[in-house]
Amino acid sequence: MKNQYDKTITACFVGYIVQACVNNFVPLLFLTFQRSYSIPLSQITLLVTFNFGIQLLVDLLSIGFVDKIGYRVSMVAAHVMAAAGMLLLTVLPEILPSPFSGILISVMVYAVGGGLLEVLVSPVVEACPSENKEKAMSMLHSFYCWGHVGVVLLSTVFFQIFGIANWRALTIVWALIPLSNAFAFTKVPIAPLMEEGESGLRLKELFGMKIFWVLLIMMVCAGASEQAVSQWASTLAEKGLGISKTAGDLAGPMAFAVLMGSSRAFYGKYGDRIRLERFMIYSSCLCILSYLGISLFPVPQLSLAACAVCGLSVGIMWPGTFSKASGALPRGGTAMFALLALGGDLGCSGGPTVVGIVSSTAGDDLKLGILAGVVFPILLLVGILLCGKRDGKC
């Protein structure tokens, strides 16, 4: 059976590549949409908010239906919705009276798929029989990073060779990944989250546990620590170094994603030799130092290097918190994973927002905004220490 579950884990790895496609491909087309359909930049910006807003809503609603319809049906549906949204993107803007409405509908459809994947993939891997679940979880989340890197690099190469005008052909190619993985999930075995006869904790029970609130705050801070720098790294590179956007994307968010993925892959390979709690504590300390470096280094190149180091430091935070939650609350079930995904997504949207608001208040000083964001890795470190004191149960 172990070999069969290896296929399940591989399909879950691809699921996170699909999640990376959902979140990172369409933003590459924003300027193309603006030029081709005469859509104002204010509406284009709304697409990002709408995408993550729908995913947050799905995180919340999934508590009520995933257990009822089952993980297999939910996983297949998530991939089909992701593919459908991308395919609709090639058609709806052309046939609807308002191209923006067509794009918005397409984003809504694939965001439903992305939100479901956020809730489903981690618990499916957690339920698979394996010798070290923490290693598997870290390796799983590294594939989101590799997916992010792959989407940006391969799309950039395609546009250079065939031209940005052929973006619809590339969109169809990317849609083939979730379609093929949907078929895979009709075949692979899916282990139950609970032992036979057991039931997951209800929302009221979860909300009554102090450790759950600690873990939820840790998840919010994990998402915020990651995205507060990742989302602003390109802007920091352009403003601080005066380089082109393409070079800024490679030196900023691309380097961040590569090192974040490397950190997760490292723990995925050697996690059986390293205590998760210790690795998370060291990573949080490094994250705090990287935030301070970005904000306080007088040399722009050093600030940019600190951005990359930040990617290395945040790698373990999201998967590590999932693993800690599974260990502390083994009966957490779908409700726990959905709420943690909700908390992580809230952090992903809230972290960059805090940085942006503080920067704007300080006269567009992005470094001061990043300095304010250091509160997130500090709170995460406090959460890890509190969790570690809980009689060794977390």
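Me: To begin, in which helix is the place of Q227?
Reply: The model discussed here is a predicted one. Within it, Q227 has its place in helix α10.

Me: Is Q227 buried or exposed?
Reply: Residues under 20% relative accessible area are classed as buried. The relative accessibility of Q227 is 12%, so Q227 counts as buried.

Me: With which side chain does the side chain of Q227 make a polar contact, and which residues is Q227 in contact with beyond its neighbours within four places in sequence?
Reply: Beyond its neighbours within four places in sequence, Q227 is in contact with C348 and P352. Its side chain also makes a polar contact, at 3.0 Å, with the side chain of E226.

Me: How are helices α10 and α15 oriented where they pack?
Reply: Helix α10 covers residues 210-230 and helix α15 covers residues 317-328, and their axes lie 9 Å apart. The packing angle is about 170°. Angles over 145 degrees count as roughly antiparallel. Therefore α10 is roughly antiparallel to α15.

Me: Which residues make this contact, and how many of them are nonpolar, polar and charged?
Reply: From α10 the contact involves I211, L215, M218, M219, A222, G223, S225 and E226. From α15 it involves M317, W318, T321, F322, K324, A325 and A328. Sorted by class, the contact has two charged, three polar and ten nonpolar residues.

Me: What does F25 touch, not counting residues up to four places away in sequence?
Reply: Not counting residues up to four places away in sequence, F25 touches A20, M86, V151, S155, F159, W167, L170, T171 and W174.

Me: Where does V109 lie, and is V109 buried or exposed?
Reply: V109 lies in helix α6. Leaving aside neighbours within four places in sequence, V109 is in contact with M81, A84, G85 and L88. With a relative accessibility of 13%, V109 counts as buried.

Me: Is S38 buried or exposed?
Reply: S38 lies in the loop between α2 (30-37) and α3 (41-69). Although S38 is not a glycine, its phi is positive, at about 55°. Exposed residues have over 50% relative accessible area. The relative accessible area of S38 is 64%, so S38 is exposed.

Me: Is S263 buried or exposed?
Reply: S263 is found in helix α12, which covers residues 245-270. Not counting residues up to four places away in sequence, S263 touches S138, F279, L312, G315 and I316. With a relative accessible area of 5%, S263 is buried.

Note on methods:
Residues numbered from 1 in each chain as written. Predicted model: local features only at pLDDT ≥ 70, side-chain atom pairs only at ≥ 80, totals over all residues. Heavy atoms only, no water. Contact = heavy atoms within 4.5 Å. Axes fitted to C-alpha atoms, helices over the stretch in contact; angles between N-to-C directions. Helix = DSSP H or I, 4+ residues; strand = E, 2+ residues; numbered from the N terminus. Parallel < 35°, antiparallel > 145°, perpendicular 65-115°, else oblique. Nonpolar A, V, L, I, M, F, W, Y, C, P; charged D, E, K, R; others polar. Buried < 20%, exposed > 50% of the residue type's maximum accessible area, 1.4 Å probe, protein only. Polar contact = N/O pair within 3.5 Å; in protein donor to acceptor, adjacent residues only side chain to side chain.
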